[in-house]
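Have the viewer open and follow along as we go from the whole fold down to single residues.

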Amino acid sequence: SIDVSTFTRQTGHTALDYGFVNTSATKSEITYIDGDEGILRYRGYPIEQLAKNSSYLEVAWLLLYGELPTASELSDFDDRIRRHTLLHEDLKHFFSALPHTAHPMSVLSSAVSALSTYYEGQTDPHNPEHVELNTVRMLAKLPVIAAYAHKKSVGQAFLYPDNSLSFVDNFLKLNFGVHSEQYDVNPVMSKALELLLILHEDHEQNASTSTVRLVGSTGANQFASISAGIQALSGPLHGGANEAVLTMLGRIRDSGESVQRFVERVKNKEEGVKLMGFGHRVYKNYDPRAKLVKESADEVLRELGVKDPLLDLAKELEEIALADDYFVERRLYPNVDFYTGVIYKAMGFPTRMFTVLFAIGRLPGWLAQWREAVGDPQTKIGRPQQLYIGSPERNYPGTV
Ligand code: ACO
């Protein structure tokens, strides 16, 4: 037997696979998905069990190290993360250089990239101590950067992290607390956010994770790889869909158009009209995360006492689409992003922060996948082939 690259070189044959629909670029031990059965497991544990019993940091540990942590491992990990939440004061000036209208995803990606400049000499991808330290640094600092991007966009002062609080509560306070005022974290919000973060922690070789692995395969450090992953996530076909769903629902409501009429326009493939939050490359029956998010949306809105007509609109849209042959034949179901925005909105996050929340959720997965790729002796620099279909050789005018 010969490997694929030798086969390609020797025979001149290559597979053309737009969107890598049928190409595995790696082996992985981290996440298992069965799209037909709607199964998602992290390191073998069903997502439903983790969502019910675990915490964001516990799942992060599981993804990074392969096993659930013991109580003392988890408490040490939590402590280490609390100790690294502060950003260098100089890095805060970075936010002043950006307009308050900057999209928080751009701010997040740029700030993560800038973060690496504070750790020159400590970012060697093959030095386990550096990798460990930067894993903790990123887990600790990304939520702080995200909250500052939010504060910047609403013109409020940045708060220092309150390390007496849990990871999620600290994040909520950084976003919604105001200087010198008491901020009491709402436990309903805290529980719901923890759940959403867990559901987003990993999803094997999606576009942003593949980006993180690809950048990592060049020998670039963790900060560079995660910064690129954040940008890949920002697109509306990927993580940006949660923002796009809310924009879509808002447009339907404001236009006064009926949901049925909107669905007709989707089916007619009108330019730029898609049912955002529907469809998935892998899940062809249902997205197990979407089921959990939908249950949470009902609970959170009820417990927070929020009545949001957009939730009713989303439910109507789902009901109509699921009964329509167009969506049934194409096996299009709500994905994880369909209901998350409604919850984030009820919590008080501006629409443009939604994908940032996804990025915080996905960070442990990106870090685990980066570590797996960099630590795998079989990893090669990612370098897809192409089929050249351009002009044959020709001469520059006047040369013959
Ligand atoms: N609305 C309407 N039609 C759709 C949708 C949708 N959301 N998604 C797919 N289709 C249709 C396509 O037009 C195509 O129809 P055709 O066969 O008549 O040409 C068919 O379903 C297959 O679609 P593809 O684009 O080939 O499916 P693919 O697997 O490449 O795309 C994707 C998956 C990108 C998620 C797509 O379903 C989509 O754009 N969804 C909306 C955006 C979204 O919600 N993204 C979030 C994904 S989850 C995540 O990243 C966390």
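The protein's mean pLDDT is 94, and 100% of its residues reach 70 or more; pLDDT is the predictor's confidence in each residue, from 0 to 100. The model scores ipTM 0.96 and pTM 0.94. Keep in mind that this is a predicted model: local features need pLDDT of at least 70, side-chain atom pairs count only at pLDDT 80 or more, and totals for chains, interfaces and linings use all residues. Residues are numbered from 1 along each chain as its sequence is written.

**Overall fold**

- The protein comes to 18 helices and three strands, where helices (H or I, at least four residues) and strands (E, at least two) are DSSP runs numbered from the N terminus.
- The radius of gyration is 22 Å, close to the 21 Å that the globule rule gives for 400 residues, so the protein is as compact as a globular protein of that length. That radius is taken over C-alpha atoms, and the rule is 2.2 Å times the number of residues to the power 0.38.
- Along the principal axes, the C-alpha atoms fill a box of roughly 75 × 60 × 50 Å.
- Of the 400 residues, 42% count as buried. Buried is 20 or more other C-beta atoms within 10 Å of a residue's own, exposed is 12 or fewer, and partly exposed is in between, with C-beta atoms placed from the backbone.
- Among contacts between residues at least 6 apart in sequence, 77% join residues at least 24 apart; a contact is two C-beta atoms, placed from the backbone, within 7 Å.

**Around the ligand**

- The ligand is surrounded by 19 residues, and the closest are Ala 241, Leu 275, Gly 279, Arg 281 and Arg 330. To make the list, a residue's C-beta atom, placed from the backbone, has to lie within 6 Å.
- The shell splits into eight nonpolar, seven polar and four charged residues. Here Ala, Val, Leu, Ile, Met, Phe, Trp, Tyr, Cys and Pro count as nonpolar, Asp, Glu, Lys and Arg as charged, and the others, Gly among them, as polar.

**Helix 12**

- Helix 12 (residues 241–255) has 15 residues and should span 21 Å at 1.5 Å a residue; its end C-alpha atoms are 20 Å apart, which agrees. The expected span is 1.5 Å times one less than the number of residues.
- Its buried residues include Ala 241, Glu 243, Leu 246 and Ile 252.
- Cover for the buried residues of helix 12 includes helix 13 (259–267), helix 15 (309–322), helix 17 (337–347) and helix 18 (354–375).

**Helix 17**

- Eleven of the eleven residues in helix 17 are buried, including Asp 337, Tyr 344 and Lys 345.
- Helix 9 (187–199), helix 12 and helix 14 (288–304) are among the elements covering them.
- Gly 348 follows helix 17, and its phi is positive, near 110°.

**Single residues worth a click**

- Ile 198 lies in helix 9 and counts as buried, with 25 C-beta neighbours inside 10 Å. Beyond its neighbours within four places in sequence, Ile 198 is in contact with Leu 50, Ala 51, Ser 54, Tyr 56 and Val 59.
- Arg 43, in the loop between strand 2 (39–42) and strand 3 (45–46), has a positive phi near 50° despite not being glycine.
- Glu 204 sits in the loop between helix 9 and helix 10 (207–217), and its phi is positive too, near 35°.
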